[in-house]
Amino acid sequence: MKSENTPFRGGPLDGRVLPILLGPTGHPPKWYEVPVPSPDGGPATVYAYQRVPAGYTRRLGLQRGWVYEYVPGGRERRTLKWPWSKPQGRG
């Protein structure tokens, strides 16, 4: 499998560069979660990082790669919205 060295911004991994496995499209995953076990044996703390563009070139505006940024609120969970489902909160 192919991997890419991806930098991290914010949170406990600030400033680190880790090799991240790339998907079939050649991009790293949109979210990267780091579970950290608690010292007293309780539930693990999960730190969430979201993939964002690292920047763009000046001349052509091409993307320069990816960076993971820390999201203190955690990963947002989405629910599936089927076209035949009734909208929530109405009627």
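pLDDT is the predictor's confidence in each residue, on a scale from 0 to 100. The legends below describe a predicted model.

**Figure 1. Overall view of the predicted chain and its confidence.** The mean pLDDT of the chain is 88, and 95% of its residues reach 70 or more. Among the elements, strand 3 has the lowest mean pLDDT, at 90, while strand 5 (residues 66-71) has the highest, at 95. Where pLDDT is low, the predicted coordinates should not be read in detail. The chain contains five strands and zero helices, and its elements run β-β-β-β-β from the N terminus on.

**Figure 2. Dimensions and surface of the chain.** The radius of gyration of the chain is 17 Å, whereas a compact globule of 91 residues would have a value near 12 Å. Along its principal axes, the C-alpha trace spans about 50 × 50 × 25 Å. Buried residues make up 20% of the 91 residues, and the accessible surface comes to about 7600 Å², with 53% of that surface belonging to carbon and sulfur atoms. Of the contacts in the chain with a separation of 6 or more, 31% are accounted for by residues 24 or more positions apart.

Figure 3. The strands are arranged in the order 2-1-5-4-3, with mixed pairing. Strand 2 (17-21) and strand 3 (31-36) stand at the edges with a single partner strand each, so one side of each is left without a neighbour in the sheet. On average, and with direction ignored, neighbouring strands of this sheet are turned by 35° against each other.

**Figure 4. Pairing of strand 1 with strand 2 and strand 5.** Strand 1 and strand 2 run antiparallel and are joined by five bridges; in strand 2, V17 is the residue that stands opposite P7. Strand 1 and strand 5, by contrast, pair in the parallel sense over two bridges, and the bridge partner of R9 in strand 5 is E69.

**Figure 5. Pairing of strand 3 with strand 4.** Six bridges connect strand 3 and strand 4 (residues 45-53), which pair in the antiparallel sense. Within this part of the sheet, Y32 stands opposite Y49, a residue of strand 4.

**Figure 6. Surroundings of F8.** F8 lies in strand 1 (residues 3-9). Its relative accessible area is 2%, and because buried means under 20%, F8 is classed as buried. Once its neighbours within four places in sequence are left aside, F8 is in contact with L13, D14, G15, R16, L18 and I20, as well as with the tyrosines Y32, Y49 and Y68. For a reference distance across the model, F8 and L80 are 72 residues apart in sequence and 29 Å apart in space, C-alpha to C-alpha.

**Figure 7. Surroundings of N5.** N5 also has its place in strand 1. Its relative accessibility is 56%, and because exposed means over 50%, N5 counts as exposed. When residues up to four places away in sequence are not counted, N5 touches V17, L18 and P19. The C-alpha atoms of N5 and P29, which are 24 residues apart along the chain, are separated by 13 Å.

How values were computed
Residues numbered from 1 in each chain as written. Predicted model: local features only at pLDDT ≥ 70, side-chain atom pairs only at ≥ 80, totals over all residues. Heavy atoms only, no water. Pairing = 2+ DSSP bridges. Helix = DSSP H or I, 4+ residues; strand = E, 2+ residues; numbered from the N terminus. Axes fitted to C-alpha atoms, helices over the stretch in contact; angles between N-to-C directions. Rg over C-alpha atoms; globule rule 2.2 N^0.38 Å. Buried < 20%, exposed > 50% of the residue type's maximum accessible area, 1.4 Å probe, protein only. Contact = heavy atoms within 4.5 Å. Areas by Shrake-Rupley, 256 points an atom, 1.4 Å probe, with all protein chains shown as cover.
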